Amino acid sequence: MNREFEPDVFTSDSYPSHSVLQPRLLLPVALAVLAIQGSLLPWVTVREFNGDVHTYNLLDVKAGTSILITISALAIIGAVVAAFKRITGLTIMSLAIASLGWMAAISGALLGILGSLLPSVNVAGLDLTRASVGQGSGVTITIVASFSLAFIIVRQLPPLDMYSPKAHLSLLPLIALLPLIFIAINMHSEWMILGSAETSYQAIIAGDSLYGSGLLVLILWMNVGTWIAAVIIQKSLVAKFAGLISILVSVVVTAYAIFLWVGGNALSWLIPSNVDEWAKVSIEPITYLVGLSAVSLLVIGCLSFLPAVQGKSLGIAERGKFGNTRVHTSDLTAAVLAVIVLVSAIYRLAT
Amino acid sequence: MGILTYIAIFGMTLIWIVGWMGISMIAGSFFELPLKTTCLIGALLGPLGFMLTLIAGFLEGDTEEKFAQVVQLGPTGTDWDPFA
């Protein structure tokens with residue numbers, strides 16, 4: 001069959017041994033555990049006007065425990081099957097975890113619909129009702145872990161395997177994912193606080209309560225997906241497409257951060273000094289960090305159009321030296337994820 | 001109530017997964033991509049899988065166009081009448 005491949009994508013040297021052809025088991029298992037751990041973290045955050053914050057996760061839903069047990073059981077069955085028939089088992093595991101990921105995504109979408117049904121309370125152009133409900137960090141962790149696991153399977157399938165070398169991953173998409181995921185998580189964090197903790201009235205403005213943020217969050221997640229696709233499909237078309245969306249997203253997020261900063265300061269300046277205590281405006285540090293991340297994402301988006309940058313890659317099939325033993329990079333990543341999950345679980349139990 | 005919530009949540013997720021699987025299958029069949037691939041991409045990645053199917057289709061179309069020999073197997077553009 002005649003095909004034209006990019007020279008760095010498909011070479012016989014890319015497959016040093018048979019063990020590299022199949023994904024190793026530890027990383028998918030670690031990702032599945034991470035996705036399940038994500039479902040135990042907050043999925044929905046409700047902020048009261050007195051500053052109190054309530055969080056809810058999958059276990060707070062009726063039959064949530066049964067749902068989690070069913071998904072965990074399916075994932076365990078997949079892991080057992082994967083020990084004998086790798087791809088089949090990982091597909092079962094990935095489908096189970098994907099259903100958890102979609103539950104998280106659908107819960108976010110339903111939250112948006114629910115928020116739109118509540119009567120709006122407008123203060124200085126901000127809808128405080130929308131600011132009172134938002135997504136939690138667990139949604140991000142569950143979706144990213146389930147996507148990563150799904151891509152491990154998808155990159156083995158023809159014809160995508162032709163464009164996805166088993167020995168290395170593109171570096172630029174991996175770098176792009178860092179500011180992008182940071183922005184995606186912090187769209188649901190506090191950007192501005194109206195009022196103070198001393199008074200009974202306090203409104204917390206999150207990034208997802210700003211005008212048009214629903215559509216932006218949707219495009220942000222699509223961009224996360226396209227960059228993950230660019231990690232595995234090493235074609236310039238995919239990287240350029242993801243880069244273009246990143247440029248658009250970063251321009252809008254930067255504008256959000258600038259307008260909020262300008263608007264917040266203007267509001268603070270306009271409020272008379274005698275009401276200053278209960279109508280204090282405070283811009284949170286996360287606003288500046290999101291702004292900086294958006295600028296770095298803009299630079300990365302522009303870099304994606306340069307062929308010299310697209311060619312940079314990271315070896316994954318090579319065994320890295322860890323002490324006296326040589327360990328597979330994927331196993332090392334799995335170990336790091338396992339430590340993060342363990343530390344997070346211990347921290348949650350302790351607090 | 002618990003069992004109904006369980007069925008409702010799993011049912012909704014199943015409809016989502018099967019729906020996107022179907023959409024990806026249709027898009028994949030247009031580009032003549034393998035059925036197993038398009039099914040799994042749609043089921044696992046949802047809307048992103050649909051997008052990935054389109055990207056894979058365009059990439060495949062690109063490579064095949066460059067090397068394919070034009071072989072006319074039969075008359076094209078002839079409609080088949082189901083009532084004939």
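Residues are numbered from 1 along each chain as its sequence is written, and chains are lettered from A and ligands numbered from 1 in the order in which they are written. In this predicted model, local features need pLDDT of at least 70, side-chain atom pairs count only at pLDDT 80 or more, and totals for chains, interfaces and linings use all residues.

The predictor assigns the complex an ipTM of 0.77 and a pTM of 0.75.

In the interface, 29 residues of chain B are in contact with 30 residues of chain A; contact requires C-beta atoms, placed from the backbone, within 7 Å. Helices are DSSP runs (H or I, at least four residues), numbered from the N terminus.

Within chain B, confidence is lowest in helix 3 of chain B, with a mean of 79, and highest in helix 2 of chain B, at 90.

In chain A, the axes of helix 10 (residues 236-270) and helix 11 (residues 285-303) come within 8 Å and cross at roughly 155°. Axes are lines fitted to C-alpha atoms, for helices over the stretch in contact, with angles from 0 to 180 degrees between N-to-C directions. Helix 10 of chain A and helix 11 of chain A are therefore roughly antiparallel (over 145 degrees) to each other.

Definitions and conventions
Two residues are in contact if their C-beta atoms, placed from the backbone, lie within 7 Å. Helices (H or I, at least four residues) and strands (E, at least two) are DSSP runs, numbered from the N terminus. Angles under 35 degrees count as roughly parallel, over 145 as roughly antiparallel, 65 to 115 as roughly perpendicular and the rest as oblique. pLDDT is the predictor's confidence in each residue, from 0 to 100.
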